[in-house]
Amino acid sequence: MTVVTFDALVLAGGQGSRMGHVSKADLDINGERLLDIVLRATAGAATTVVIGAVDVPDGVLLAREEPAGTGPAAGLLAGLDAVESPAAWTLALACDLPDAPSAVERLFSAVDTAPTNADGLCLRDAGGELQHLAALYRTAALRRAFDVWGDPANRSVRGVMASLALLPVDPGDASVEDLDTPEQLARWVASHPAAPANRKTDDKQVWRAFVEDACDRLGLDAERVDEHAVLRLTRRVAHQGARPMAPVSAYILGLALGSNPDADPTEMIARLQEAIDSAPVPPED
Amino acid sequence: MDRRDVDAAAWRPWIEHVCAQTAVDPALIDLPDLLQLTATVADGFTRPMAPVAAHLWGLARASDPQGTPSSQAQALAAAAIRAGA
């Protein structure tokens, strides 16, 4: 399994003329800002850049096309320029994709199937058209496309990307429909009611699937990982007033077991708990 | 409290103590990187799996000392995002 290191560029510039000139990034979908939904799809990126004049969470960079208002292709280039140490891949997303988290998952699932000479992967919409702002590009190829093209101001993203060999990716159950009109927004919200909080992600089987997937990616044996024992340990740490050290204790347990593959996990946990019980907790201030 | 705002200096004695008792090299513990990973997992997937991701990172680092820690963290983040999508 290839580990994909990537930066993410999210285009949130421009106003939705057919939305009554509201900022599409700030549209509310079941209580969550549309931009924040799209940003969830970028989690794991080395650098995330939002191009536009919107509020972004800590750790996300903001960029603006030069001059302002010259369109998404110029915005993409501004975003690319804002990344200090470029990763191998660049995820490019429009900010008006309410199903971005699922759609992006499709892109990453397809990376391993991409031929080495492909310049990137691009989701297809329901009509079969490539959506260049729901795409994962090789950063070098994306840079080259802009070099070949010249000034991207007021040009289409499709035009700039025309020189690239992109692997079309079928979105499957995910949607790459963007939200251009109030009617589309209303339809999307009506057909995607807010899920009961974390019903899916609190499911023990979902947890196990995560552990197995993560172990696959790391070359670890998932059979040897007991997530419930880890949680018992971290709960105990938290109850002892060392809550910030809960993940640290879990990490230390991993280090200890990883470097002593023959150790009995139960004994190791007991030893760790003893250490934690006698560890100095800093005074609260 | 933002999980990324943990006072690393104040907790260093705690970390040193626990590492000494379990024969783990405390130099392997980079608190900001670890908290970054757990924040990504909590935000992108679900809070209970954040310490489990930390655990898996420790396992991976110790099992494969030649591996690149940042790539391992990246793989964990990617798994969490997929699970949370």
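**View 1. Strand S7 beside strand S9 in chain A.** In this predicted model, A:Gly120 stands opposite A:Leu166, a residue of S9(A). The two strands involved, S7 (residues 120-124) and S9 of chain A, pair in the parallel sense, and four bridges join them.

**View 2. The open sheet of chain A.** Seven strands of chain A make up an open sheet with mixed pairing, and their order across the sheet is S5-S4-S1-S6-S8-S7-S9. At the edges lie strand S5 (61-63) and strand S9 (166-169) of chain A, each of which pairs on one side only. On average, and with direction ignored, neighbouring strands of this sheet are turned by 25° against each other.

**View 3. Helices H2 and H4 of chain A against the sheet.** Helix H2(A) packs on the sheet, where it touches strand S1 (6-11), strand S4 (48-51), S5, strand S6 (89-94) and strand S8 (130-138) of chain A, and the direction of H2(A) makes about 145° with that of S1(A). Helix H4 (residues 139-149) of chain A also packs on the sheet, touching S6 and S8 of chain A, and its direction makes about 120° with that of S8(A). Helix H2 (residues 72-82) of chain A is mostly covered, since eight of its 11 residues are buried. Among these buried residues of H2(A) are A:Ala73, A:Gly75, A:Leu76 and A:Leu80.

**View 4. The surroundings of A:Ser102.** A:Ser102 is found in helix H3 (residues 100-110) of chain A. Its relative accessibility is 23%, and A:Ser102 therefore counts as partly exposed. When residues up to four places away in sequence are left aside, A:Ser102 touches A:Ala174 and, in the other chain, B:Ala85. Although A:Ser102 and A:Ala174 are 72 residues apart in sequence, their C-alpha atoms are 5.5 Å apart in space.

**View 5. Helix H8 of chain A packed with helix H3 of chain B.** Helix H8 (residues 227-242) of chain A and helix H3 (residues 49-63) of chain B pack at an angle of about 110°, and their axes are 9 Å apart. H8(A) is therefore roughly perpendicular to H3(B). The residues that meet are A:Glu227, A:Val230, A:Leu231 and A:Thr234 from H8(A), and B:Met49, B:Pro51, B:Val52 and B:His55 from H3(B). Sorted by class, this contact of H8(A) with H3(B) has five nonpolar, two polar and one charged residues.

**View 6. The contact between chain A and chain B.** Taken as a whole, the contact draws 58 residues from chain A and 50 residues from chain B. About 4900 Å² is buried between the two chains, and carbon and sulfur atoms give 76% of that area. On the side of chain B, the residues that lose the most area to chain A are B:Trp14, B:His55 and B:Arg82, which together account for 16% of what that side buries.

**View 7. Chain B on its own.** Chain B contains four helices and zero strands, and its pattern, read along the sequence, is α-α-α-α. Of the 85 residues in chain B, 54% are buried. Among the contacts in chain B with a separation of 6 or more, 46% come from residues 24 or more positions apart.

How values were computed:
Residues are numbered from 1 along each chain as its sequence is written. Chains are lettered from A and ligands numbered from 1 in the order in which they are written. This is a predicted model: local features need pLDDT of at least 70, side-chain atom pairs count only at pLDDT 80 or more; totals for chains, interfaces and linings use all residues. Side-chain values use heavy atoms; hydrogens and water are left out. Buried means under 20% relative accessible area, exposed over 50%, partly exposed in between (1.4 Å probe, protein chains only). Contact means heavy atoms within 4.5 Å. Two strands pair if DSSP finds at least two bridges between them. Axes are lines fitted to C-alpha atoms, for helices over the stretch in contact, and angles run from 0 to 180 degrees between N-to-C directions. Angles under 35 degrees count as roughly parallel, over 145 as roughly antiparallel, 65 to 115 as roughly perpendicular and the rest as oblique. Ala, Val, Leu, Ile, Met, Phe, Trp, Tyr, Cys and Pro count as nonpolar, Asp, Glu, Lys and Arg as charged, and the others, Gly among them, as polar. Buried area is the accessible area (1.4 Å probe) that two parts lose on being put together, summed over both.
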